[in-house]
Amino acid sequence: MALIGRFNSLQVTKHTDFGLYLDGGADGEILLPRRYVPKDQPVEPGDWLNVFVYLDSEDRLIATTQKPKVQVGGFASLKVVEINRVGLFLDWGLPKDLLLPHSEEKRPLQVGDYCVVHVYLDKRTRRITATARLDRYLDQVPPRYAPGQEVDLLVVERTDLGYKAIIEGQHWGLIHKNEVFKFVRNGMREQGFIKEIRPDGKISLSLQPVGQQAVAGLGEQIIAALKAEGGVLHLSDKSPPELISQRFGVSKGNFKKAIGGLFKQGLIRIEEDRIELL
């Protein structure tokens, strides 16, 4: 049986004028319309193709070689392109838009808005459906991350404390306001780092490496910047945090640790308003 809402490796059974038929197992033959048939290589019956399977506008199984923005089981930030009495329709990269039922909205949305959703398969209708109610799909297993570990993040929403983000498609985490040193918005995908896992299971995140890893990498960036600017950089341990963040995207604390390390190595001189390469 083909997995609806996911990529499948299916075998070609026959050619027709309007496309290829693929073996969907218990679901029978599945059409790959002619416009999606690969043109860079000949395809014959018996060959295998990697295709995405979903339901067309008449709820028939259909295959495509197009790549949607998200598969069943995944999370993504998608744009609202239409709203009617049934629900909201989201652009997910395929001709048939993705349905977000009104009952699965978390807040009122308008056409043109973006919304982070989870995509699931409705067991009753077998339709691929989106929901903005994310909690039921996260924190289902204990977190097994280590402090300093690099992880994939999807920024979901801004709060009074910072930004909530989904970690590796499995857990909630929080990027505290004092850890945001660059432009961040809802729906962004970022590489981040585990800062702390609290006893209650809540996870603190950072957008920059933590510990000695952060300082070592930043020291190399500072030396490169000094060389590029003729040996003088108009930042020091007395500079405003905003200027440091604009230049290197890090906290003032990490910047001070990095230039302190470079000073101890005899690589730089620290003045009131600048640092100089020795």
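Author: Let us begin with aromatic rings. Rings of Phe, Tyr and Trp pair if their centres lie within 6.5 Å. The model before us is predicted. In this model Phe7, Phe52, Tyr54 and Trp92 form one aromatic cluster.

Reader: How many aromatic pairs does the rule give?

Author: The count comes to seven aromatic pairs. One of them joins phenylalanine 52 and tryptophan 92, with 5.7 Å from centre to centre and 75° between the planes. Planes over 60 degrees apart count as edge-to-face, and the pair of phenylalanine 52 and tryptophan 92 is edge-to-face.

Reader: Which parts of the chain does this pair link?

Author: The pair links distant parts of the chain, 40 residues apart: phenylalanine 52 belongs to strand 4, whereas tryptophan 92 lies in the loop between strand 7 (87–91) and strand 8 (98–101).

Reader: Are phenylalanine 52 and tryptophan 92 buried or exposed?

Author: Buried means under 20% relative accessible area. Phenylalanine 52 has a relative accessible area of 0% and is therefore buried. Tryptophan 92, at 2% relative accessibility, counts as buried too.

Reader: How is a helix with a buried side to be read?

Author: An α-helix has 3.6 residues a turn, so residues three or four places apart point the same way. In helix 3 the buried residues are Asn254, Phe255, Ala258, Ile259 and Leu262. They cover an arc of only 125° around the axis, which puts them on the same side of helix 3. On the other side of helix 3, Lys257 and Lys264 are exposed.

Reader: What should the 13 residues of helix 3 span?

Author: At 1.5 Å a residue, helix 3 (residues 252–264) should span 18 Å, and this agrees with its end C-alpha atoms, which are 18 Å apart. Just after helix 3, glycine 266 takes a positive phi of about 75°.

Reader: Where is serine 239 found?

Author: Serine 239 sits in the loop between strand 16 (232–233) and helix 2 (241–248). With 8% relative accessibility, this serine counts as buried. A polar atom of the side chain of serine 239 lies 2.8 Å from the backbone nitrogen of serine 236. Leaving aside neighbours within four places in sequence, serine 239 is in contact with Ile244 and Lys252.

Reader: What is isoleucine 166 in contact with?

Author: Isoleucine 166 has its place in strand 12 (residues 162–167), and at 3% relative accessibility it counts as buried. Leaving aside its neighbours within four places in sequence, isoleucine 166 is in contact with residues including Phe75, Leu134, Leu138, Leu153, His171 and Trp172.

Notes
Residues are numbered from 1 along each chain as its sequence is written. This is a predicted model: local features need pLDDT of at least 70, side-chain atom pairs count only at pLDDT 80 or more; totals for chains, interfaces and linings use all residues. Side-chain values use heavy atoms; hydrogens and water are left out. Helices (H or I, at least four residues) and strands (E, at least two) are DSSP runs, numbered from the N terminus. The expected span of a helix is 1.5 Å times one less than its number of residues. Buried means under 20% relative accessible area, exposed over 50%, partly exposed in between (1.4 Å probe, protein chains only). The arc is that of the directions from the helix axis to the C-beta atoms. A polar contact is a pair of N or O atoms within 3.5 Å; within protein, one must be able to donate a hydrogen and the other to accept it, and residues adjacent in sequence count only if both atoms are side-chain atoms. Contact means heavy atoms within 4.5 Å. Rings of Phe, Tyr and Trp (its six-membered ring) pair if their centres lie within 6.5 Å; planes under 30 degrees apart count as stacked, over 60 as edge-to-face and the rest as tilted.
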